[in-house]
Amino acid sequence: MTATVESGRSVDLPLLSVESVDVHLGRGRRAAHILSQVDLTVRPGEILGVIGETGSGKTTLARTVMGLADPSQGEIRLQDKVISSLRGSARRDLRRGGSVQFVFQDPLRSLDPDLTVEQLVAEGLVTQGQASSHEIATRVREALGWVGLDESLLSKHPAQISGGQRQRVSIARALVLRPQLLICDEPVSALDSSNRNNILRLLDELRTSRGLSVIIISHDLSSLAGIADRVLVLYRGRVVEDGPISEVFARPRHPYTALLIASAPALSDQLADQRPEPSSEQHRPLHVRQLRLVDADTATVSNDLEAGCVFRARCRFATDVCGTVPAAQDVPTAHGGGWRVSCHHHSTWRAELEDADRPRVPARPEPLPH
Amino acid sequence: MLKKTLRFRSAQISVAILLAVLLLAIFGSALAPQDPLHQSVKDFLQGPSSRHWLGTDYLGRDVLSRLLAGTRTSVTTAAEATLVGLVFGAIPGLLSAFLGTWFDFIANRITDAIMTLPTIVFAIGCTAVLGNSLTPAMLAIGFLSSPLFFRVTRAAALEFVRAQYVESAELFGASRFRIVRVHVLNKVIPTIAVAAAMSASAALLIVSSLTFLGIGVVPPAPTWGGVLASDLSYLNQAPWAPIVPAVLIMLTAGALNALADAIRDASGVHVSLLSAASSKAATEEAAATELTQPGDDADPAFLGANSANPVIDKIDEEAADVNRHSAA
């Protein structure tokens, strides 16, 4: 997991950088503010996990990077080139280059039901129009091999193969163009757990063997825990925390991240097991009960992303100062690579919690009912 | 799609009928036993006999000969009108779904304008300007049927414009032309085929009303619609007479419609898949399919069973448990 950090590649120039991006969808008075001041960087060979609940803007973020939605502010750079301002033929040329590929969430919808697997995987190459038909056929078979699919599927239609196979066809048609960056939108949310692991292991393997950078969008923490290097937590269109995944999961600095982790029982148990001293006060896993604001009134939450901290309506540590938007603050990390948190109380809430809850909270929380 | 279509019994019968009509269109005049224009006043409105197999009309002309000789004109007429309708309707319909708001708006307003034109008056106007023959009349009829094709095609194409695979093709940098050709055209064709079959059978009949006014086909040249129209005027004297041309028109129109239906049914698998995909249940369904066949492609060895990843391995064990449960 920390291979990139150990090999020193983390100091490379970022492959993708998203800087202070705002996205509005819709026009005029009906425009909805979907993303606000989003920053992210992906370095070569790095796997970035983007997590957040439904409606937090994960997919819009990916679509903005792909040029399917236009940022109203900020810019997106691929290596040194600003790609967010490209239009028309320049944008088409970039897309034909195939350096950034997107794997849609639902392969049943993103694969044309009338085409065969061979045509689907070849589509990007055919659109490029540079390779000969022989070369295309070879590269299609090579890509199928990477994702572990048999050549006998080439003549099948999407409806004739299983969900796991469809997902791999989706990934193969992205990989066939030999991209530098792969963005996967919920790649495993529709799969059973065994297929889920095959896909995740595949992405991990591709990163190692091909130096591929990957952004994995997910609402499921445990699917990221094994393979991502860094994690970016989105809440209602804002980045609340962005840092090395092992450190963020072990000691989240934002109350929302802490709540997310505490709400995933399998993950919090696992994190507890991995720690050298599980009994240490410093690393005691937090429980949902400690973090949840019981009388949270989310119905009155303003849709204005500029009206203070986005999480304050659900945050039990919120004070008056949270009426202003918190700036992203750097937090020291053990392995480097940057860790930024947007919370006014990021350095104090944990202490406040431990002081207040010590007598009442059991040393080892009971697992939540599934 | 063609092979799949021909697997339907209805498609086979339709194709046989249409081939027969085509043969009649080519060789009809040669096959006619008598001169279709020869009048014999003393033989008018006779029933079927050995001399006139299908009887005679109000001028004593042999009906069988008139129908055979009229096939070519009738078929050409219908084909011409349909083709004109397709060119002026289906192509702008497809484009308006893809060329953006302005083109769509203008094309829609033009269509609205065309729909306000009265058919007969417009056809008379066309023949007055372009000369009274078949082609100008059919140009008029086809042009006036183009709103049908425009609306049907546009509606069908709009369904696919926002399809995710179209978006995915855009992300590969595909041109609009390629997207229409690869991802949209074959899904819209069944719908257009149904509209074309309807329009062709309507054109067969419209010819008769135009013949009545002496537009397009000039008497005494025979057409199916013309024979039908003249027979209808003498129902008192020969009530059975309209049946023969009517059956011929019905068979042709029916065959066209059945063929169009077969084309639509042949692509039906995908249509049902699409509607499933558009529903929210799609992901659950996919998951359910997976769970019913866990061993299908769950190949733990495809990247080495033991990853260096404790988390993945742990989830792997859970997956194995799930599989054991479902096997039991």
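**View 1. Helices H3 (residues 63–98) and H9 (residues 224–232) of chain B cross at roughly 135°, their axes coming within 7 Å.** Axes here are lines fitted to C-alpha atoms, for helices over the stretch in contact, with angles from 0 to 180 degrees between N-to-C directions. The pair H3(B) and H9(B) is therefore oblique, since angles under 35 degrees count as roughly parallel, over 145 as roughly antiparallel, 65 to 115 as roughly perpendicular and the rest as oblique. This is a predicted model, in which local features need pLDDT of at least 70 and side-chain atom pairs pLDDT 80 or more, while totals for chains, interfaces and linings use all residues. Residues are numbered from 1 along each chain as its sequence is written, and chains are lettered from A and ligands numbered from 1 in the order in which they are written.

**View 2. Here are the residues where H3(B) meets H9(B).** H3(B) brings B:Val63, B:Arg66, B:Leu67, B:Gly70 and B:Ser74, and H9(B) brings B:Trp224, B:Gly225, B:Gly226 and B:Val227. Two residues are in contact if their C-beta atoms, placed from the backbone, lie within 7 Å. By class, the contact of H3(B) with H9(B) has four nonpolar, four polar and one charged residues.

**View 3. B:Leu83 sits in helix H3 of chain B.** Because B:Leu83 has 15 C-beta neighbours inside 10 Å, B:Leu83 counts as partly exposed (buried needs 20 or more other C-beta atoms within 10 Å, exposed 12 or fewer, and partly exposed lies in between).

Methods:
Helices (H or I, at least four residues) and strands (E, at least two) are DSSP runs, numbered from the N terminus. Ala, Val, Leu, Ile, Met, Phe, Trp, Tyr, Cys and Pro count as nonpolar, Asp, Glu, Lys and Arg as charged, and the others, Gly among them, as polar.
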